[in-house]
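Here's a quick briefing to read with the model open beside you.

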Amino acid sequence: MDYRTWRHRSAEVEPSLRIAYIDCPSKTTSPQRGVILLIHGFPQTSYQFRHVIGPLAQAGYRVLAPDYRGAGASSKPASGFTKFGMARDLVRLLTILEIHEPVHVVGHDIGGMVAFAMAAKHPSRVASVNWGECPLPGTSVYTEDRTTHAVQQFHFIFHSVPDLPLALVAGRERIYLSHFFQKIIYNTAAIQPEDLDHYVRAYEQPGAMRCAFEVYRAFEQDAKDFKEWVSDYGKLGVPALCLSGAKSRHLENARRMFAEVHQEGTYKIASVPDSAHYIAEENPEGFVSETLRFIEKVPTGLK
């Protein structure tokens, strides 16, 4: 990893709300091929993309990897955690950076929900959207994860309970975060002790776990928002990819979920071998390969 060409910066996207981000320029001598926006999930930060930023830049793209509202080095606000709101933060970031052309949005886990929201609400800013490893609120897959799969997805309910989760997890962040990394990983060497240390430090920050729980508490509002959006405007027409780990439980229902919110013929389903949930860390080469294969098939006029 070559951190020397990565700019670690922050920008104020609204009063008292700063979004931290990594900005890595294209590493080729040819003209820049476009911009890729990487959106992380929980219990992670932009650090989850540490293995893939360089290769994507080597392929000719400028790569942005923000810490979304409430995570990593970004501000820890009291509210604003609907996915439409979190997507708006990133659109404002693009505007501040004077990136006006449509970008390729890649979202994982919570970041997948934000990526969908961004493509839905701001289609003129999105050339393509690649999202997965999450049950999108408002879909049947999301409903099943809150009911049929409630034990596996216990945190969807637990995080939504006021006050109690924060009281129980405070001071035990390492135990709590380790649970998620151990439970839904295939390549067990992907998260090294120093990587876990990084995530624990991020979520030990004052306000970080509170914000993480607020992200989940907003799910029911997100479900309402997404259903209303599809009802009012129809299914998403932006070129889309659902990217899952080949060993992940989310792969099984990916096609059904995408069919509920994306127009037929506008999306593809792909999987990355030798990985479960944490694709960019478990198999970064496979993540980069599938991401570029998809992006490079997007019509030239949309790049």
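Contact here means heavy atoms within 4.5 Å. On that basis Ser75 touches Ser16, Leu17, Arg18, Arg69 and Gly70, leaving out residues up to four places away in sequence. Keep in mind that this is a predicted model, where local features need pLDDT of at least 70, side-chain atom pairs count only at pLDDT 80 or more, and totals for chains, interfaces and linings use all residues. Residues are numbered from 1 along each chain as its sequence is written, and side-chain values use heavy atoms, with hydrogens and water left out.

- Ser75 is found in the loop between strand 4 (61–66) and helix 2; helices (H or I, at least four residues) and strands (E, at least two) are DSSP runs, numbered from the N terminus.
- Ser75 is buried, with a relative accessible area of 17%; buried means under 20% relative accessible area, exposed over 50%, and partly exposed in between, using a 1.4 Å probe and protein chains only.
- The side chain of Ser75 reaches the backbone nitrogen of Arg18 at 2.8 Å.
- Ile19, in strand 2 (residues 17–24), is buried too, with a relative accessible area of 0%.
- Ile19 and Ser75 sit 56 residues apart in sequence, but 6.6 Å apart in space, C-alpha to C-alpha.
- Among the residues that Ile19 touches, not counting those up to four places away in sequence, are Arg9, Val13, Tyr68, Ser74, Asp89, Leu90 and Leu93.

- Since 10 of its 14 residues are buried, helix 2 is largely enclosed by the rest of the structure; Asp89, Leu90 and Leu93 are among the buried ones.
- Just after helix 2, Glu98 takes a positive phi of about 60°.
- Helix 9 (residues 208–217) is also largely enclosed by the rest of the structure, because seven of its 10 residues are buried, including Ala208, Met209 and Ala212.

**Nonpolar cores**

- A nonpolar core is a set of buried Ala, Val, Leu, Ile, Met, Phe, Trp, Tyr and Cys residues joined through side-chain atoms within 4.5 Å.
- The largest one has 79 residues, and Phe42, Ile110, Met118, Val129, Trp131 and Tyr203 have the most contacts inside it.
- Helix 3 (residues 110–121) gives this core its largest share, nine residues.
- A second, separate core has 27 residues, including Tyr61, Ala65, Ala280 and Val298.
- Tyr203 touches Phe42 as well as Ala208, Met209 and Ala212, among others, with residues up to four places away in sequence not counted.

**Aromatic rings**

- Rings of Phe, Tyr and Trp (its six-membered ring) pair if their centres lie within 6.5 Å; planes under 30 degrees apart count as stacked, over 60 as edge-to-face and the rest as tilted.
- By this rule the count comes to 22 aromatic pairs.
- Phe42 lies in the loop between strand 3 (34–39) and helix 1 (53–58) and Phe180 in helix 7 (residues 173–183), so the pair ties together parts that are 138 residues apart in sequence.
- Both Phe42 and Phe180 are buried, and both belong to one aromatic cluster that also includes Tyr142, Phe154, Tyr203 and Tyr216.

Note on methods:
A polar contact is a pair of N or O atoms within 3.5 Å; within protein, one must be able to donate a hydrogen and the other to accept it, and residues adjacent in sequence count only if both atoms are side-chain atoms.
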